[in-house]
Amino acid sequence: MSRHQFEQVDDLGQILFCDDPALRLERVRMSLETAEGTVTLRHTQTRHMPAALFEFRHALGVGYFGYIEPKGASPDEIPEEPQIEGAILFGMRRLPPEPSDLHWIPGWELHEIPDEQPKLEQRFGYTYSRLELRTPDGEIYSRTWVPHDPEWEAAALRHGYVVCLCGVELGIRAPYAMTDAQHTPRMRHESFRRGCALGLTIGGLVAYVNHR
């Protein structure tokens, strides 16, 4: 991502599927509210459920190289993060230390918008999308920029929903002086679970809106 593009987004982002080793959410129950009542998706459906991660670039306790937990603080003493608490007021749900359920978040939408970069497409053969996570009143809660993945897009269109996760530590940002290759899926998963244990991760099923 160029410096200009980096300045046009709010947070670090990533798209993947729920059975990715960095998430391991393929056996988490997912529930949707319909006119007929609550529908729980089967594990066979949720394994390849598309997920979008929004890791806050600017938050309490977050520096350039990630979140620094207050020394000696217990989970109950971790300072509240305004971005998370504000989203909860709009219906988002805080993930527990051991996520076992993900629910539909009424009114929230994830918009995928083409962000074509002709020079990059010509040189590397891929395009990009801007993802906008919007609150029930239509305001942008978070924006990020990710390589476009036709398989991920097709899954999102098929399901009509995407698992959206937001927080200060989702495993996207690598530790200091570590390359992406050294930042293994296991390490990313440990970061994701740590964020949940600290109460600094929110998420659920969000309606998907495609602009391509």
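Glu169 and Arg194 form a salt bridge, with their closest N and O atoms 2.4 Å apart. Glu169 sits in the loop between β10 and α6 and Arg194 in helix α6, so the pair ties together parts 25 residues apart in sequence. A salt bridge here is a side-chain nitrogen of Lys or Arg within 4 Å of a carboxyl oxygen of Asp or Glu. Helices (H or I, at least four residues) and strands (E, at least two) are DSSP runs, numbered from the N terminus. Glu169 counts as buried at 12% relative accessibility. Arg194 is partly exposed at 30%. Buried means under 20% relative accessible area, exposed over 50%, and partly exposed in between (1.4 Å probe, protein chains only).

This is a predicted model: local features need pLDDT of at least 70, side-chain atom pairs count only at pLDDT 80 or more, and totals for chains, interfaces and linings use all residues. Residues are numbered from 1 along each chain as its sequence is written, and side-chain values use heavy atoms, with hydrogens and water left out.

Now follow α6 itself. The helix covers residues 185-197. Its buried residues are Arg188, His189, Ser191, Phe192, Gly195 and Cys196. They lie on the same side of α6, because they cover an arc of only 160° around the axis. That arc is taken from the directions from the helix axis to the C-beta atoms. An α-helix has 3.6 residues a turn, so residues three or four places apart point the same way. The buried residues of α6 pack against β1 (11-17), β10 (161-167) and β11 (201-210). Just after α6, Gly199 takes a positive phi of about 75°.

The count of salt bridges comes to 10. Glu112 forms one of them with Arg212, at 3.8 Å between the closest N and O atoms. This pair links distant parts of the chain: Glu112 is in strand β7 (residues 101-114), Arg212 in the segment after β11, 100 residues apart. Glu112 is buried at 2%, while Arg212 is partly exposed at 37%.

Strand β9 (residues 140-147) holds Arg143, and Ser142 also lies in β9. Ser142 is buried, with a relative accessible area of 0%. Its side chain makes a polar contact with the side chain of Asp11 (2.5 Å). Such a contact is a pair of N or O atoms within 3.5 Å; within protein, one must be able to donate a hydrogen and the other to accept it, and residues adjacent in sequence count only if both atoms are side-chain atoms. Arg143 is partly exposed at 25%. Arg143 and Asp11 are 132 residues apart in sequence but 6.2 Å apart in space, C-alpha to C-alpha.

Conventions:
The expected span of a helix is 1.5 Å times one less than its number of residues. Contact means heavy atoms within 4.5 Å.
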